[in-house]
Amino acid sequence: MTDQLVPILVATIAAGTPLVFAALGELVTEKSGVLNLGVEGMMLVGAVAAFAATAASGSPWSGVLAGAAAGGAMALVFAVLTLTLMANQVAAGLALSLFGVGLSAFVGKAYESVSLAPSPPLAIPLAADLPGIGPALFVHQPLVYVSWALFAAVAWFLYRSRPGLVLRAVGESPQSAHAIGCPVIPIRYLATLFGGAMAGVGGAFLSVFYTPLWVENMTAGRGWIALALVVFATWRPARVMIGAYLFGGVTVVQFFAQGEGVAVPAQFLSMLPYLATIVVLVLISRNINTIRLNAPVSLAKPFHPEVA
Amino acid sequence: MKLGIVCRMLLGAAAAALAGAAAAQAPLKVGFVYVSPIGDAGWTYQHDQGRQQMEKALAGKVTTKYVENVPEGADAERVIRELAASGHRLVYTTSFGYMNPTIKVARQFPKVIFAHATGYKKAANVGIYNARFYEARYLTGIVAGRMTKSNVAGYVAAFPIPEVLQGINAFTLGMRSVNPKAEVKVIWINSWFDPGREREAANALIAQGADVVTHHTDSPAAVQAAEEKKVYAVGYHSDMSKHGPNATLTSAVHLWGDVYTRITRDVLAGTWKPTDIWGGFRQGMVDVAPLNKAVPRDVADLVAETKQALVAGKLHPFQGPVKDQSGKVRVPAGQAMGDDKLAVMDYYVEGVQGQLPKK
Amino acid sequence: MRFVSPLVAAALTFAAGLVLFSALGRDPLAAFHAFFVQPIDDWNGVAELALKAAPLMLCAIGLAIGFRAGVWNIGAEGQLAVGAIAAGWLAVGFHGAGSALLLPAMVAAGALGGMAWAAIPAFLKTRFNANEILTSLMLVYVAALLLSWVVHGPLRDPQGFNFPQSKEFHDAALYPLLLEGTRLNAGVFVAAAVVAAGWWFMERSFGGYTMRVAGLADAAARYAGFSARRTVWVGMLAGGAAAGLAGVGEVAGPIGQLLPSVSPGYGFAAIIVAFVGRLHAGGIVLASLLMSLLYLGGESAQMTLDLPSAITGLFQGMLLFFLLAADVFISYRLRIAAPARAPREAAA
């Protein structure tokens, strides 16, 4: 299988990319202390919006923007419910997923017979010619490079910028943040909208670039995997990247192994990522200090300035 | 007094006659239960095409109604029952998982006729129907066998049930009938529908040297992958050429219209019997989609010729000798595989690479 | 005030439905009739309503016990599946026995299976402080794959042409039917009993009281000497047992065998039910009936109005948003506004 290292890497990166977008977005949302379980619904609505925009305009980039906008709009519904009206986040997130499945299916009816022109991958000049890693890392859909830039931006924002510090403080202890004058609710709004927009872009990657077609429920559970991924990554952007490629890679490697004639016990192999996530969670949670360093302490807990 | 009775009897008879005439004129209500949204390609789409064709063929005599996206499980029985209870006198249940619910509802509604696709349980008012998809697979295998340059075809498959294995094996036999060096690689994605995974599996097969890919899953994702990677594809369920105009050599197509028309006509005529229909080319239940322009003339001729032989019943895709992977003879020379053996197929034939996942 | 919130939600849903169905060119009144009246206009419809509400009710009441105490078990879907596996294993293993003890044993096994699955997040929470929202969610996927393996492997019906399903259970492994001609079975008694027990525990018992205190104020509970660990364990196990029973109810009820999927998302829908029902037993009963009606209504809207199934999801989602929004709007105004008001108003 060594001669197939390059296609395996290429496929792994492509498979991981929708997860990278959705999970990095959800990570920012969760870092502000908001748990939005509606990722699957936001991805689907983003996917259908992106597909519709691309079909209408012919430009995949307008699709990406439409996907981000649609995902953001979904997140706005969630934010109004949970941040302004103080509805329970878990329940509202699940309702959002239900709603997104229905909405995307309904809107998408008109697009089921359309197939978009495939977008050619973009080879980065010079870098793509590097032996081995060049073709593996630098011949991809342009959105893949965007996802790497997004990773750098999120990492910088959270750990090197002042607004990022504020965001983390809000997730850590909204009461204290409020006390020193941080606008907790607006910050959470922005973080939630960002999460929705990125989930929408993840959906757009699927429907416009990865499998350029629209079919109902085409995300097939990737939104839920993105949720798992954020935990697996212990809320660290770098580990989100590793995790996304691991999750994507498990499937890809399994497929390549099957193609080589290896019979794979599919169910048990598919359990591994989830079991690994639990193990990771246990490892970081057992020490109160490591969890403090990573997990947003106020996750899913409502905050209202007047009660605080 | 007597006159009164006679009068009433006459009136009654007239009323009954009128009612009978009305019943004869009122169109037969026919219900369909679909396992997924109709969409634009795939399993349910073809059933819905069949429904529309039947409705057109029997215009004025039937009205149809469908319920889509009905999960196999507790909900199916309710939907089937609801159709039966709301005056549908014929109900088609179009997925394997509807088998037991169909049988249960049929017991409660002995006057309603049910037709269940791809199952194996019959009853006095339940007939079953299925198509010999493998016949179309065999033909598409011939096309693939002639068009491949690498002698490797890739097959994206859902679950190792007999229907899928029949398809893989028939495709392989078809390929090897024209190209003895041909081999087939199979990847199981353990899902009927997941465009992303279908795509990943197709990509993997192409990277491993397959220059023709086909699929037994519901979306056109594998065909799209082939189009993008500039290799060939063979579609399944529907003609998938619009999702891969250059890649799609042909597609193994399901055709339900004729069988729906026939069953419904029998019910209308009162001649319906709980039969077990398993039809192929001869009954017009499967076909191959128009061939790609890239397919040379002699291959097209061979396909047409083989199709004729299948229609005439002169050729059986599983004509002996059929050997499985281990070299064991499953069908001796001079015989064709019986339906009983086909229905429980659980092995790969010679020419399929890898091992079948054993549970 | 308690009744205002559902009314507000109903009014909003009505308005939104009016817009939605008119935009689709359907008579809104006919659509509402199809959604909310037609499914239950005969006894069979009522039986189906109860049958579909039972698993939602079971899961929701179990979850509510935990939710009230701040124990966030969102893995009922997985606990349901493991309950179904445990019961199904017995049903297949003792298929020929036909013993009257089989069904009670299955019920017990289902409850224990659900509890065992819920015990994992409880243990990880109490021993390692691992967030139960996330561990219980991960275990949903693991349980689904476990069920898939069971029906593809050890419990696959050998006469089933390799299709992934178990053999059909013997009658002794099925809940007896209650109403001739319908699917209503004795499983609804189990659901009713569990709801009653849940009500008693939450509203009348000391254990329920301590858990409520723990949910309202962690520090106060600790000060009063209530064990946080015990709260987690009781909350998780109650949810697991109830969800496991819901799993038994499906496989020993309307399904009658093990399939690759035994629930169309009851465990998740039940979370919404629990909140729409305001974590009260009575509210949960009503909310689960409403949720069940929405499912049935979606089917009848397809049958009578040719509305695509997508509309159902859309409409359900909207109604749930309104319920969650209206509910919280009102209770929040009460809570926040009350202290600010003048005493005479508060007294009134």
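In chain C, 77% of the contacts with a separation of 6 or more are between residues 24 or more positions apart, a contact being heavy atoms within 4.5 Å. What we are looking at is a predicted model, in which local features need pLDDT of at least 70 and side-chain atom pairs count only at pLDDT 80 or more, while totals for chains, interfaces and linings use all residues. Residues are numbered from 1 along each chain as its sequence is written, chains are lettered from A and ligands numbered from 1 in the order in which they are written, and side-chain values use heavy atoms, with hydrogens and water left out.

Let me stay with chain C. Its secondary structure consists of 14 helices and zero strands; helices here are DSSP runs of H or I with at least four residues, strands are runs of E with at least two, and both are numbered from the N terminus. The pattern along the sequence is accordingly written α-α-α-α-α-α-α-α-α-α-α-α-α-α. Of the 348 residues in chain C, 59% are buried. By that term I mean under 20% relative accessible area, with exposed being over 50% and partly exposed in between, for a 1.4 Å probe and protein chains only. The accessible surface of chain C is about 13,400 Å², and carbon and sulfur atoms hold 68% of that surface. Such areas come from the Shrake-Rupley method with a 1.4 Å probe, and for residues only the protein chains shown count as cover.

I turn now to the interface of chain C with chain A. Here 41 residues of chain C meet 45 residues of chain A. The two chains bury about 3,900 Å² between them, with 85% of this on carbon and sulfur atoms. Buried area is the accessible area, at a 1.4 Å probe, that two parts lose on being put together, summed over both. On the chain C side, the elements giving two or more residues are helices H5 (102-128), H6 (132-152), H11 (266-276) and H13 (309-340). Which of them gives the most? H13(C) does, with 15 residues. By class, the chain C side comprises 33 nonpolar residues, eight polar and no charged. In this classification Ala, Val, Leu, Ile, Met, Phe, Trp, Tyr, Cys and Pro are nonpolar, Asp, Glu, Lys and Arg are charged, and the others, Gly among them, are polar.

How many salt bridges are there between chain C and chain A? The count is zero, where a salt bridge requires a side-chain nitrogen of Lys or Arg within 4 Å of a carboxyl oxygen of Asp or Glu. One residue pair is in polar contact across this interface, both residues being at pLDDT 80 or more. A polar contact is a pair of N or O atoms within 3.5 Å; within protein, one must be able to donate a hydrogen and the other to accept it, and residues adjacent in sequence count only if both atoms are side-chain atoms.

Together they bury about 2,800 Å², 56% of it on carbon and sulfur atoms. B:Glu200, B:Gln208 and B:Gln224 account for 20% of the area that chain B buries against chain A, more than any other three residues. There is one salt bridge across this interface: B:Asp194 pairs with A:Arg222, their closest N and O atoms being 3.3 Å apart.

Finally, some local details. A:Phe21 lies in helix H1 (residues 5-31) of chain A and is buried, at a relative accessible area of 1%. Beyond four places in sequence, its contacts include A:Leu143, A:Leu150 and A:Met198.

In chain B, helix H4 (residues 99-108) has seven of its 10 residues buried. These buried residues pack against helix H3 (74-85) and strands E3 (90-93), E4 (113-117) and E5 (126-131) of chain B.

B:Asn151 sits in the loop between helix H5 (133-147) and strand E6 (152-157) of chain B. Its side chain makes a polar contact of 2.8 Å with that of B:Asn179.
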